[in-house]
Amino acid sequence: MPKRDDIKSVMVIGSGPIVIGQACEFDYSGTQACRVLREEGIRVILVNSNPATIMTDPEFADATYIEPITTQYLELVIAKERPDALLPTLGGQTALNAAIQLDKAGILKKYNVELIGADIEAIERGENREKFRKIVQEIGAESARSHICHTMQDALDGVTELGYPVVVRPSFTMGGAGSGIAYNEEDLLRIAGLGLEASPTSEVLLEESIIGWKEYELELMRDKNDNVVVVCSIENVDPMGVHTGDSITVAPALTLTDREFQKLRDVGIDIIRAVGVETGGCNIQFAINPDDGRLIVIEMNPRVSRSSALASKATGFPIAKIAARLAIGYSLDEIQNDITAETPASFEPTLDYIVVKVPRFAFEKFPGADTTLTTTMKSVGEAMAIGRNFPEALQKALRSTEQKSAIFTWLEPRDAGEIPALIEEMKRPHDGRLTLAQRALWLGATNAQIHEATNIDPWFLDQIERINEMADQIRESRDLLAPLLFEAKSLGFSDLQIAGLRGTGETRIREIRKQLGVLPVFKTVDTCAAEFSAKTPYHYSSYDSETEVVPSERRKIIILGSGPNRIGQGIEFDYSCVHAAMTLSEAGFETIMINCNPETVSTDYDTSDRLYFEPLTFEDVMAVIDAESSAGELVGVIVQLGGQTPLGLARPLADAGVPIIGTQPEAIHLAEDREMFSRVLTEAKVPAPAHGTARSFEQAREIANRIGYPVLVRPSYVLGGRGMEIVYEEEMLKDYLEKATQINPEHPILVDRFLDDAVEIDVDALFDGTDLYLAGVMEHIEEAGVHSGDSACVLPPITLGREEIDRIRKSTHAIAAGVGVRGLINIQFALASDVLYILEANPRASRTVPFVSKATGVPIAKAAARIMAGETIASLRAIGLLPKVGDGGQLPPGSPVSVKEAVLPFGRFHGVDTVLGPEMKSTGEVMGIDSSFGVAFAKSQVAAFSGGLPTRGTAFVSLANRDKRAAIFPIKRLSDLGFDILATEGTADILQRNGIPARVIRKQFEGTGAQGQPTSVDAINNGEIDLIINTPYGVGPRKDGYEIRTAAVLRGVPCITTVQGLAAAVQGIDSLIHDQPAVKSIQEHARGVNRDGV
Amino acid sequence: MKSADPSVLVLEDGYSLVGKGFGASGNAFGEAVFSTGMTGYQETLTDPSYCGQIVVMTAPHIGNTGVNPEDGESRRMWPSGFVVRELSRVVSNWRASGTLADELEANGIVGIQGVDTRALTRHLRDRGAMRMGIFSHSTGENLMELIAAVNDSPVMLGASFTDEVTTAENYVITARGEKRATCVALDLGIKSMTPHRMSQRGIEVHVVNANTTWEEILALKPGGVFLSNGPGDPATAVGAIAIVQKALEMKIPLFGICFGNQILGRALGLETYKMQYGHRGINQPVKDLTTGKVEITAHNHGFAVRAPESLEFNTAYGRARISHICLNDNVVEGIELLDQNAFSVQYHPEAAAGPHDSDYLFDRFLEKMGSHA
């Protein structure tokens, strides 16, 4: 009996903003689900607050609600749409928790909505630790000995039984939030305290330590007929104690015999049955004692997880797609395996290659953060690589992270005296541990020594020894002959690594390789180890004897993706790449995607005509280009959509004779080079803030003195504001340069006059060489100086008049023409004292492309791709891809107001200052959309921060002197709306003089008063504060307000750090108090817009 | 043998790959088949059904967990050759007692590593299983001679290995716990996990030489007869087929696995045929046509029973039907008689290596013996 015919409409909940532990893998899974449901003729209603997702594109659902994922807003959607069913298992923990809340609140029952893909009791059994332990026991398996705690006393009692170290895990949190390992009572009090706070049920579990054991995961699927398959096994190279999201992992499991593997499989199947996951996927984690094989079940996720996305990409088995089909009534044997197109999905994929995933961290963005890896996930992204053996997959994955420090090197001197220090350092799991192990082995440490220090399995360490031995051979061999070179390449060595070992350049190695015919072959991911022929074009390179990928005779375009997610380069860029693939395929090109990020939609084999899962380095990309150029016509490569990663390859690719389509490398360089760009600006008659380029401290000091402090300093060629700072005085400048020279020795430092109190404006535009299409004008809510990626912004701009927008359009046109843009350009302007300055121009897709597309209802990434392929704005207007008339600068009547808000990861990095500056720190974004700014802003806050803006209570205010004047009005309004105002002495004084009844509270450094009067931090910690307004001066973790902001993060109290943000928040609070909340799909918004009424 | 020594593999159609030798050295011939299991190389190598074959492992890293005294499925390793992409240099497992290379050498099995096993697998998939030779200490300069040697080696069609693999001495595996039934297992190449699974269920298993006569079997007063897996062409198993026919005449419960399934098929008058490249792996979806449920199963067969015109058919022993099929290619994976207690499956419910989804078939055999008693 196939599909159920009683389900006509399904509501799908997405996972909201990208945060650590929940990234774009849920856009991948949600997009697949939406696609499948619509194919089945089901009306899809989607709710997701994250505009940077493919799933929220209007064509993926019948009604798309970019609204906060909270019970209140979800009920509004349900009441309006009356879906037959809710599918909550594809949007991560966020969606699952939202569904539980809807059920608990009786809303599903009230509107007669059936939960499909999971039932509440099964979720409970899977996620409630006590219930889950019982199940594990009942099926005859073992859990770690443990103790459930609801209070700190419970925790202290528990540890007397279990002993230290103990693992602390809060219930119902994702990405291991709030969990950790306690080695002593002090640790326990701290971690359990945070854990009780983080758990929605105020429950934590203490567990016997199994740190250092082998760690495995299984991905399973079950259908309504009780058929169960194990899709993938994953082994963690980093043993127990490091969160699986932070571990280097490998698929399939490599160090188990069949008996041991089948035991995992049996237990896994018993668990999925006992928990009662009726249809869909789940993920189960296991630990195995390496000394005696004792098997412990760690936990399960009764939903599609991050590991499911990895498993899907690793095996070619699309878990989310199949989960969606199972949810609507199909059984596994009724679903076809896409890849073979003749065998069913009721089988277990088998791999004839090795997949390695390596996490990518961003500790450099958070000075002061603890880099120790624990059971709380800290990485912000990941890269995956496929090879025909472990060393090849590992080395490809390491270079895919684009972090030099992750790549193995063999730097002299080779001094065994270093070993003890290295071993000591690697005992602490941290982001650089594997390279330490590799170096120590190379210096002569034994496999056993490293195993003892790290508990990494000796098998993996031996594979690293193979790599080291090969490095020695390359260095020592007199000639680089074909057999040696081939062997090195088949162990994953890059030309760059070989060049380093031979003391020559990458180009030279490449030439030698080509002369000797040492070239990669391309293989296919086929789910079945070649047992059946594959129909799906999902490929990887390797050094082996047969290439099985035949290039087609079609006209093709290669799109370079953006690599692993990192702060400053994430899902937004993948979004643009996916759009390019979709629209260029439609336009008749063969689209070829190259990317290495397993979380993304771009690495779904359904997205492009061909997918190469490869590192985004010159060598790896050229290998694909060479192979694809052997037949058909390579029209060109698109580098401007994937962010800095592909942009950095533009020059070397062009030098190698590869056609780049769209904006040319010369133009990209022109925009990056200050001196050349200044000439463009002069011709375009657009002023930039006074600036200079410094190559030494003396030059920088001279420039700063000439243009006046504060100045904005940064290295050239950066994304996400890496290394950018506002410097207020010479001493800070000196400090900065000492750090900056380490960041990038080859490039000069740019010094700009920093425009205090300017309004910052972000513009995305399309240019075809003649016409400009101003796609969107966004006004920042924070002042200039906060990185545009971290700043909330609003579209259309709320304080700019038509004349100002016309000036922006003219300037944008002049700059786009001057630079020579073909495709997208993003420009940041600052408006100060009625002068429009240009801060920066980037001739590429920006982070705001998806937001602008959603806010204006125009697919600008698609339009950009078509312009790059030779079409014009006029022709795109004619075919309806762009509006017939008007642009994003003059939105038609009825257009909604959209607010984008950034989501920050400070909750993960305790002890890090939360103040915003020119260096980007956010991991994701949400969008609030409504007919007025206040409501849209309030929605964005609800979507970004749990609880959103308060509507009553106490506001604590502490202002920098320069902000006091501007803050009086909004604070007066807060007071009028019924808020109690608490302020530090100086601020209170001014507020009182303005008729605001502000009470004085002690500053932190004054300490608690003699009669126990609390300080501001005490008050925050006691939960007495509902809103914090704290505008700091300068930067640096020791500055005023650091402790206030830290307490705010820990307690989850909204904390506003700019005056502009305050004004917006007050408007939002006002609308929350006075307006009825309402929801509207983006399709309805689009229908309400009168396109002809410009 | 030093693993750096070159070695070459050659197929009968001239396809060749140069690699490095390991295990025993020498020349090995056999039918080249590929196995797609990612775990279980020790079980695979000790499975007598691989006798006369050269096994190509599609999983790239082999030997990681070494070998141990518990996972062997018979008294020795059987393939004539073993082809892997990469042999592990170290052993990492708490149960390991030795390395795979040493064990292969001790068993006289010629190994070759460092070859593109995926390319080889695709070749065998597209052109069908065929003869292969592995030649140690050679880089294939004399390729024409090697090809000729491969073409002179015996073919699988019409081959019988039963006498080679069957036990010399009959033996008994006693029932674990309370004894509930007795069966005679005709050893055509039995794996040790099979009597073990029966013993776990209270079945006493008399494992007997393949040439045991029907009278000798009857003298053991079996509640049921079991036909094991095994190598070779089922058309050659004339003796076993005759025994099955005797059992059917007497309506003694009967259960067959793999080779046993083919023998039951032939005993019922069905044909067997050699498949293009067979099924060898532990991920094969089999549908039980009675319940509609799908089992993930372990396979190792190069021959199969040809499907009759309709799922249900008449035989000299009453009505029979096809009970299981492989969902990948609709190959017959199980037969049962409707008027008596005889059934068989083409796959391996004893599952070593492989998933345990089909364990229940041993329960079914016990039930059938019980109902007969």
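# Reading a two-chain model

Q: How much of the contacts in chain A with a separation of 6 or more comes from residues 24 or more positions apart?

A: In this predicted model, residues 24 or more positions apart account for 71% of those contacts in chain A. In chain B, 75% of the contacts between residues at least 6 apart in sequence join residues at least 24 apart.

Q: How many helices and strands does chain A have?

A: Look along chain A and you'll find 37 helices and 38 strands. Chain B comes to 10 helices and 20 strands.

Q: How does the radius of gyration of chain A sit with that of a compact globule?

A: The idea is to set the value beside what a globule with that number of residues would have. A compact globule of 1094 residues would be near 31 Å, and chain A has 28 Å, which agrees. Along its principal axes, the C-alpha trace of chain A spans about 80 × 70 × 70 Å.

Q: And what is the radius of gyration of chain B?

A: Chain B has 20 Å, close to the 21 Å that the globule rule gives for 373 residues, so chain B is as compact as a globular protein of that length. Its C-alpha atoms fill a box of roughly 65 × 45 × 40 Å along the principal axes.

Q: How many of the residues of chain A count as buried?

A: Burial is about counting neighbours: a residue is buried if 20 or more other C-beta atoms lie within 10 Å of its own. In chain A, 61% of the 1094 residues count as buried. For chain B, 61% of the 373 residues do.

Q: Can we try one residue? Is A:P302 buried or exposed?

A: A:P302 has 27 C-beta neighbours inside 10 Å, so A:P302 counts as buried. You'll find A:P302 in the loop between β14 (295–301) and α10 (306–315) of chain A.

Q: Which residues is A:P302 in contact with, leaving aside its neighbours within four places in sequence?

A: Among them are A:A118, A:A122, A:I123, A:G126 and A:E127, along with A:V275, A:V277 and A:C282.

Q: Now helix pairs. At what angle do α5 and α6 of chain A cross?

A: Here you follow the two axes. For α5 (residues 120–127) and α6 (residues 129–138) of chain A, the axes come within 5 Å and cross at roughly 85°. Therefore α5(A) and α6(A) are roughly perpendicular to each other. The contact is made by A:E124, A:R125 and A:G126 of α5(A) with A:K131, A:F132 and A:I135 of α6(A). Those residues divide into 2 nonpolar, 1 polar and 3 charged.

Q: At what angle do α24 and α27 of chain A cross?

A: The axes of α24 (residues 674–684) and α27 (residues 802–819) of chain A come within 9 Å and cross at roughly 135°. Therefore α24(A) and α27(A) are oblique to each other. The crossing of α24(A) past α27(A) is right-handed. On α24(A), the contact uses A:V680, A:E683 and A:A684, and on α27(A) it uses residues including A:S811, A:A814 and A:I815. The contact divides into 5 nonpolar, 2 polar and 1 charged.

Q: Last one: how many residues does the contact take from chain A and from chain B?

A: An interface can be read by listing the residues on each side. This contact takes 46 residues from chain A and 42 residues from chain B. On the side of chain A that touches chain B, α9 (258–275) and α16 (458–476) each supply at least two residues. The most comes from α9(A), with 6 residues. That side of chain A divides into 18 nonpolar, 11 polar and 17 charged residues.

Methods:
Residues are numbered from 1 along each chain as its sequence is written. Chains are lettered from A and ligands numbered from 1 in the order in which they are written. This is a predicted model: local features need pLDDT of at least 70, side-chain atom pairs count only at pLDDT 80 or more; totals for chains, interfaces and linings use all residues. Helices (H or I, at least four residues) and strands (E, at least two) are DSSP runs, numbered from the N terminus. The radius of gyration is taken over C-alpha atoms; the globule rule is 2.2 Å times the number of residues to the power 0.38. A residue is buried if 20 or more other C-beta atoms lie within 10 Å of its own, exposed if 12 or fewer, and partly exposed in between; C-beta atoms are placed from the backbone. Two residues are in contact if their C-beta atoms, placed from the backbone, lie within 7 Å. Ala, Val, Leu, Ile, Met, Phe, Trp, Tyr, Cys and Pro count as nonpolar, Asp, Glu, Lys and Arg as charged, and the others, Gly among them, as polar. Axes are lines fitted to C-alpha atoms, for helices over the stretch in contact, and angles run from 0 to 180 degrees between N-to-C directions. Angles under 35 degrees count as roughly parallel, over 145 as roughly antiparallel, 65 to 115 as roughly perpendicular and the rest as oblique. A crossing is left-handed if the near helix is turned anticlockwise from the far one by less than a right angle, and right-handed if clockwise.
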